Amino acid sequence: YFGLKDGLIQAITETPQAKAQLGLRFKNWPYVTIVLIAINVIWFIILVAGGDAGDASYMISKGASYGPYIFENYQFWRLITNMFMHFSASHLLGNMVYLGIAGYSIERAAGHWKYLALYMLSGFGASVISAAYYYMTGQNTVSAGASGAVYGLIGAAVYLMIKNRGRMRPGMLWL
């Protein structure tokens, strides 16, 4: 966690003028991260308003990942929709905190479109691996959440920190 403490202290204590010097203008805002968090929160509110997000049958009916539906009924869209669904408020909160922290850093380092592609590919890849594993082992598990995408972002952050070790300046990657 190279620079985690320093990055957090810097993020908390910086003045608006110091942030402006780092180039935090609108084009550098993490608006993709903000939109992804908003989608997850709004979809969770809709799910809770319509039923019990903790109920596996309800979540399957709304698009959660479920191996038999994916591989036998060819409902591959579930590999995407499940990335925006959460079983509880604490599940959502945990994923969104990590998405906000890692997403902010990766979006600034990689750019908006590369970041979005990384998020979607990480989440899709994690969904495929998870659904295939549970289906092939006969465990008909219902899956939902942004964890796979978030872990992909964290992996990218670790890669960037290792790759840029010793060459990073404050504000490059706040992790």
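Tutor: Of the 175 residues in the protein chain, 37% are buried. The model is a predicted one. Its secondary structure comprises nine helices and two strands, and the order of these elements from the N terminus is α-α-α-α-β-α-α-α-α-β-α. Among contacts in the chain with a separation of 6 or more, 74% join residues 24 or more positions apart.

Helix H3 spans residues 31-50 and helix H7 spans residues 89-110. Their axes lie 9 Å apart and pack at an angle of about 170°. Because angles over 145 degrees count as roughly antiparallel, H3 is described as roughly antiparallel to H7.

From H3, the residues that take part in this contact are Tyr31, Val32, Thr33, Leu36, Ile37, Asn40, Val41 and Phe44. From H7, their counterparts are Ala89, Leu92, Met96, Leu99, Gly100, Gly103, Tyr104 and Glu107. By residue class, the contact of H3 with H7 divides into eleven nonpolar, four polar and one charged.

Met96 is placed in helix H7 and has a relative accessibility of 8%, so it counts as buried. Apart from its neighbours within four places in sequence, Met96 is in contact with Ile37, Asn40, His86 and Ala146. Of these, Ile37 and Asn40 are also listed among the H3 residues that meet H7. The C-alpha atoms of Met96 and Ile34 are separated by 9.9 Å, although the two residues are 62 residues apart along the chain.

Glu107, another H7 residue of the contact with H3, leads on to the following helix. The side chain of Glu107 makes a polar contact with the side chain of His112, at 2.6 Å. His112 is found in helix H8, which covers residues 112-136. The relative accessible area of His112 is 16%, and because buried means under 20%, His112 is classed as buried.

Tyr66 counts as buried at 17% relative accessibility, whereas Tyr69 is partly exposed, with a relative accessible area of 32%. Tyr74 and Phe76 form a tilted aromatic pair, with 6.2 Å from centre to centre and 50° between the planes. Tyr74 counts as exposed at 59% relative accessibility, and Phe76 counts as partly exposed at 42%.

Tyr74 lies in the loop between helix H5 (67-71) and helix H6 (78-81). Its phi is near 55°, a positive value in a residue other than glycine. In general, most residues other than glycine have a negative phi.

Conventions. Residues are numbered from 1 along each chain as its sequence is written. This is a predicted model: local features need pLDDT of at least 70, side-chain atom pairs count only at pLDDT 80 or more; totals for chains, interfaces and linings use all residues. Side-chain values use heavy atoms; hydrogens and water are left out. Axes are lines fitted to C-alpha atoms, for helices over the stretch in contact, and angles run from 0 to 180 degrees between N-to-C directions. Helices (H or I, at least four residues) and strands (E, at least two) are DSSP runs, numbered from the N terminus. Angles under 35 degrees count as roughly parallel, over 145 as roughly antiparallel, 65 to 115 as roughly perpendicular and the rest as oblique. Contact means heavy atoms within 4.5 Å. Ala, Val, Leu, Ile, Met, Phe, Trp, Tyr, Cys and Pro count as nonpolar, Asp, Glu, Lys and Arg as charged, and the others, Gly among them, as polar. Buried means under 20% relative accessible area, exposed over 50%, partly exposed in between (1.4 Å probe, protein chains only). A polar contact is a pair of N or O atoms within 3.5 Å; within protein, one must be able to donate a hydrogen and the other to accept it, and residues adjacent in sequence count only if both atoms are side-chain atoms. Rings of Phe, Tyr and Trp (its six-membered ring) pair if their centres lie within 6.5 Å; planes under 30 degrees apart count as stacked, over 60 as edge-to-face and the rest as tilted.
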